[in-house]
Amino acid sequence: MARPEVPLSAKRGSPLAEFPLALHLRRGETGALHQQLTAQLRAGVLNGTLPAGLRLPGSRLLAHSLGVTRGVVAEAYAALVADGTLEAEVGSGTRVPAGAARRERASAGAPAWFTEPPAAPFEFADRTSGSGGIHFKTGVATTATLDAKVWRQAWAHAARQDVSGDYADPQGEPELRAALAAFVGRSRGLPVSPEGVMVTAGTLQALNLIVKAILPPGSSVLMENPGYRAGRQVLLDAGLSVHPLPLDEDGPVITPDTPPARLVYVTPSHQFPLGVRMSLPRRLKLLEWAEKNDALIIEDDYDGEFRYGAAPLPPLASLDTSGRVLYLGTLSKVLTPAVRTGFLTAPPALMPALVRARTLMDSGHPLPLQHALTYLMTHSEVDRHIRRSRRWHAQVREALTQELAPLEPLAKLGGIEAGLHVCLHLAPDFDATRIALTLARRNVHVSTVAEYSVPEYSAPNDSGTGATPNALLLGYGGLTVNEAVEGAREIRRVLNAML
């Protein structure tokens, strides 16, 4: 006769009908019957359903009630007695010992000394992310131009490499560092040796490494306002004193009143988020300021590959003659954020400290990923992909520009013809935040420049700089031409309706 597959439970009218814990055993499920019984009895003891001092039924009685052999119950009791969940004495049976129940948690699991970090004055992630509608999201680039065949070849190449039994070089594998050095040399005119390059897991990790390895606690830091909000939070969370660096159409404003600091964070090639370019005189002034104040400069060149008419200026790092500049680059926008790879260049005196910090942080970048990226870079696929992507993004930007041009003088695009986002500056009669909310209800999602500004530092100073622009931030890197046109037309409808 086949065994029944119904649950085995205490039979109605049995002596166990008043037992405080309902026991259900099922043949054919994961776990033998004695394991199921052990788990259910242990749970009952821990949560207090079976109170301290309760005498459990004898093994013969419980086995008969559940319709199982006595050995199932005996084995479960033995396991629970062995780990202290139950106690057994000759002549007294099996009981629940005192103190076996788990106390109720006093909190959701955080230790009493844990202090929740304060809310940031801005969100770290772009709030335009999500599904549905048109998302003018910053920080992304298209993957439509990626050669899928070559991409697979790169990973096949990585799979053919010997499997290492050790961690990667924390600075990055020499072959990849050499390829990155050659890349910034030909694309930026930045002469650097492989020894001066470190492979990172993106800009935020590079910034964390610099903070941990180089800056003394409590150091003063200058940062563009508006600027990269997640980067600012990294500095704040490290206990640094972050002060605003005002901006105008020529980039960060450097004057005799610019305060001393140990570090300044800038995006000179294409300021984020305003999209302006730091002029050459300003670059030289910043380098002079750094030398005068014995300070370092972080030059974040996050989208320098994408220029559609604006002539590039030499990077700060190439103008640096005193070892002041740490240059940050990324492959997240060159290829895809999925590779989560960037790089930094640093003066020789600072590199050992950065390598030490990377070793302690995660021991280096994954080797298979480095092998695949090295293949792409040494087979010129990265350069070809950049050319294809540049044409793609230029077409999207041109379509967006043409659709928004009729809005003048109500709204006007600012910044240079570069990068993967534009700023749409609005006339004073419009409120950028209100317009963004209205667009969101129409399934067109944009950010505002105010979201990237520190409010307490956003009042205009005596020179007229410092005020937060009344502007929408439109990232178009993840859009097609049709999506950009459709989104721009909706922006026009909203602005004209609000007029």
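Me: Which side chain does Ser187 make a polar contact with, and at what distance?
Reply: That would be Arg188: a 3.1 Å polar contact joins the two side chains. Keep in mind that this is a predicted model.

Me: Fine. Where does Ser187 sit?
Reply: Ser187 is part of helix H5, which covers residues 174-188.

Me: And which backbone oxygen lies 2.7 Å from a polar atom of the Ser187 side chain?
Reply: The one of Phe183.

Me: Buried, exposed or partly exposed, that Ser187?
Reply: Ser187 counts as partly exposed, because its relative accessibility is 35%.

Me: How far apart are the C-alpha atoms of Ser187 and Glu305?
Reply: They are separated by 7.6 Å, although the two residues are 118 residues apart along the chain.

Me: Switching to H8. What end-to-end span should that helix have, and what does the model give?
Reply: H8 has 13 residues, 280-292, so at 1.5 Å a residue it should span 18 Å. Its end C-alpha atoms are 18 Å apart, which agrees.

Me: Which residues of H8 are buried?
Reply: Arg282, Arg283, Leu286, Leu287, Trp289 and Ala290. They cover an arc of only 160° around the axis, so they sit on the same side of H8.

Me: Why would residues three or four places apart point the same way?
Reply: An α-helix has 3.6 residues a turn, so residues at that spacing point the same way.

Me: What's exposed on the other side of H8?
Reply: Pro281, Glu288 and Lys292 are exposed there.

Me: Which residue just after H8 takes a positive phi?
Reply: Asp294, with a phi of about 55°.

Me: Now Asp300. Which strand is it in?
Reply: Asp300 belongs to strand S12, residues 296-300.

Me: What is the nearest side chain of opposite charge to Asp300?
Reply: Lys333, but it is 7.1 Å away. Asp300 has no salt bridge, yet it is buried.

Me: What is Asp300 in contact with, leaving aside neighbours within four places in sequence?
Reply: On that basis Asp300 is in contact with Thr203, Tyr228, Tyr265, Val266, Thr267, Pro268 and Leu328.

Me: Last one, Thr94. Buried or exposed?
Reply: Thr94 is buried, since its relative accessible area is 12%, and the cut-off for buried is under 20%. Thr94 lies in strand S4, residues 93-95.

Me: And which residues is Thr94 in contact with, again leaving aside neighbours within four places?
Reply: Leu54, Arg55, Leu56, Tyr77, Val81, Leu86, Glu87 and Ala88.

Notes:
Residues are numbered from 1 along each chain as its sequence is written. This is a predicted model: local features need pLDDT of at least 70, side-chain atom pairs count only at pLDDT 80 or more; totals for chains, interfaces and linings use all residues. Side-chain values use heavy atoms; hydrogens and water are left out. Helices (H or I, at least four residues) and strands (E, at least two) are DSSP runs, numbered from the N terminus. The expected span of a helix is 1.5 Å times one less than its number of residues. Buried means under 20% relative accessible area, exposed over 50%, partly exposed in between (1.4 Å probe, protein chains only). The arc is that of the directions from the helix axis to the C-beta atoms. Lys and Arg count as positive and Asp and Glu as negative; His and the chain ends are not counted. A salt bridge is a side-chain nitrogen of Lys or Arg within 4 Å of a carboxyl oxygen of Asp or Glu. Contact means heavy atoms within 4.5 Å. A polar contact is a pair of N or O atoms within 3.5 Å; within protein, one must be able to donate a hydrogen and the other to accept it, and residues adjacent in sequence count only if both atoms are side-chain atoms.
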